[in-house]
Amino acid sequence: DFVKETNASTQAKGKELVNKSEEKAKSEAELVEAKKSKDATLLELEQLANYKAQLHQGCDFLFKNFDVRQTARDEEVQALKQALAILSGA
């Protein structure tokens, strides 16, 4: 009986070891995939941050120069009105 119990225990431990090894291999594969996904996400975040910075620069430029551009447009409209008045003989 002792030999049978020992053999059964050895077989059970062997199966358990195989199962644990399979679980470990599966977990390691999942870890590799998770790291790849993390790296891709970090790269995308970096690209988005760069894009945001570019947009911010463009917006800052527009806000900074809005008054200057608006004044220039107003002057241009006034000049066109004067030219139209001259041409129409007024």
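Predicted model: local features only at pLDDT ≥ 70, side-chain atom pairs only at ≥ 80, totals over all residues.
Colleague: How many salt bridges does a search of the whole structure find?
Modeller: Side chains of opposite charge can pair when their charged atoms come close. A pair counts here when a side-chain nitrogen of Lys or Arg is within 4 Å of a carboxyl oxygen of Asp or Glu. Searching the whole structure gives this number of salt bridges: three.

Colleague: Is Lys36, which meets Glu33 in a salt bridge, buried or exposed?
Modeller: Lys36 and Glu33 are three residues apart in helix H1, and their N to O distance is 3.9 Å. Glu33 has a relative accessible area of 48% and is partly exposed. For Lys36 the value is 53%, and exposed means over 50%, so Lys36 is exposed.

Colleague: How far apart are the closest N and O atoms of Glu76 and Arg73?
Modeller: Glu76 and Arg73 are three residues apart in helix H1, so they are separated by about one helical turn. Glu76 is partly exposed at 42%, as is Arg73 at 46%. The closest N and O atoms in their salt bridge are apart by 3.3 Å.

Colleague: Where is Leu45 placed?
Modeller: Leu45 makes a nonpolar surface patch of about 290 Å² together with Leu42 and Leu48. Its place is within residues 2-87, which form helix H1.

Key: Residues numbered from 1 in each chain as written. Heavy atoms only, no water. Patch = residues over 30% accessible without salt bridge, like charges linked within 9 Å, V, L, I, M, F, W, Y side chains within 5 Å. Areas by Shrake-Rupley, 256 points an atom, 1.4 Å probe, with all protein chains shown as cover. Helix = DSSP H or I, 4+ residues; strand = E, 2+ residues; numbered from the N terminus. Buried < 20%, exposed > 50% of the residue type's maximum accessible area, 1.4 Å probe, protein only.
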